[in-house]
Amino acid sequence: MVDKPIPGAVLGIESSCDETAAAVLAPDGRVLAEAVLSQQEHAAFGGVVPEIAARAHLAHLPGLVAAVMQRSGTDFAALGGVAATSGPGLIGGLIVGAGLAKGVAIAHHLPFIAVNHLEAHALTARLPGVVSGGVAFPYLLLLVSGGHCQCVSVEGVGTYARLGGTIDDAVGEAFDKVGKLLGLGWPGGPAVERLAARGDPQRFALPRPLFGRPGCDFSFSGLKTAVAQLVVSYPPGALPGQDAADIAASFQAAVAAVMADRAGRAMDLFAAQHGPRTLVVAGGVAANGAIRVALTAACAARGFAFVAPPLRLCGDNAVMVAWTGIERLRLGLTDPLGHAPRPRWPLDEMAA
Ligand code: KG4
Ligand code: ZN
């Protein structure tokens, strides 16, 4: 595979879950314009409603794309390519985003890149703005979001080896469920972190699933159940505010300890093959301060550099999609307009 110059900026579109996002990046990865619209339509339901998400993407995406194109100062005809998340995710949203991207590609005779959302999270650390020049291959990725929780050896564009992952819930899902149990807004992660800030992390001894076990798989359902049992041990509606904060802090401390332990095991597996290099954390949960602190310490103990992209690039966004488009275009990797969006699309099926 050869490095090909890209003739123009790349438009990226993200619509796999409940963020409607568009971005335009220069061929060198500079962000010319970006926008993320977090759909508020789901708050009343305590979770993402797929049909509502698809309709909201349809309502918002055309205007969002027009706005970022205008702000970037780029004409559609001058683009070097159009990239859209084409899986994994909710099929309705994927069809909306990929369909719009294909329409632009057809109208302006542009290459289309069907982006794997997990690959987009994985390659975010290579944006030249994240660390100077971007993180070089190979590196270890800890992908932690509402739907995903896995350790991946990132060896090149399209070359990923999954070292371990969750055997039940994703870590963001556990945060969201604990948020719900504590009567916090949705999504639960940021709300649990805010509440935990005024709680005592040592008040409740909660389980730390798989801590110290070989391998780097994760499990969160037992921890979530323990929190549920703790909450129902209070009379309905009578959980004191300080106790709720202490539960949030104890839960977050248990998660952070487990993450550092599991990531540590993954670093040992990775280092056996490549030596100590860099641990990159990605996905919405990477925004969590306590988890970042725990991972920083685990990296320092093993001689790994720790890279956490800026918060706005941790959650779902279109900068990562456009950047993945650039990485793939450079290698001449484009997709046919007949590419069908894939609700399920494991990372290790990405090899070109
Ligand atoms: O990557 P993302 O935006 O969407 C996908 O799931 O793909 O991640 C969203 C998840 C949600 O579960 C949310 O509760 C969690 O990331 N999250 C957090 C924090 N911010 C977002 N979890 C813990 N602490 C946070 N500060
Ligand atoms: Zn995501």
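Me: Which domains does the shell around ligand 1 draw on?
Reply: In this predicted model, chains are lettered from A and ligands numbered from 1 in the order written, and residues are numbered from 1 along each chain as its sequence is written. Local features need pLDDT of at least 70 and side-chain atom pairs 80 or more, while totals for chains, interfaces and linings use all residues; side-chain values use heavy atoms, with hydrogens and water left out. The shell takes at least three residues from each of domain 1 (10-126 + 315-349) and domain 2 (139-308), with bounds from an automatic or database domain assignment.

Me: How do you know which residues are around ligand 1?
Reply: A residue counts as near if one of its heavy atoms lies within 4 Å of the molecule. There are 19 such residues around ligand 1, and Gly146, Asp176, Gly189, Glu193 and Gly284 come nearest. Helices (DSSP runs of H or I, at least four residues) that each supply at least two shell residues include H4 (171-181) and H5 (188-196).

Me: What makes the contact of serine 145 with ligand 1 polar?
Reply: The limit for a pair of N or O atoms is 3.5 Å. A polar side-chain atom of serine 145 lies 3.4 Å from a ligand oxygen, so the pair qualifies. Glycine 172 also qualifies, through a backbone N or O atom at 3.2 Å from an oxygen of ligand 1. Aspartate 316 does likewise, with a backbone N or O atom 3.2 Å from a ligand oxygen. The protein covers 87% of the 550 Å² of accessible area (Shrake-Rupley, 1.4 Å probe) that ligand 1 has on its own.

Me: How do you know which protein atoms are donors of the zinc ion (ligand 2)?
Reply: For this metal, donors are N, O and S atoms within 2.8 Å (3.2 Å for Na, K and Ca). His117 (NE2), His121 (NE2) and Asp316 (OD) lie 2.1 to 2.2 Å from the zinc ion, so they count as donors. Histidine 117 sits in helix H3, and aspartate 316 in the loop between helix H9 (311-314) and helix H10 (319-330), 199 residues apart.

Note on methods: Polar contact = N/O pair within 3.5 Å; in protein donor to acceptor, adjacent residues only side chain to side chain.
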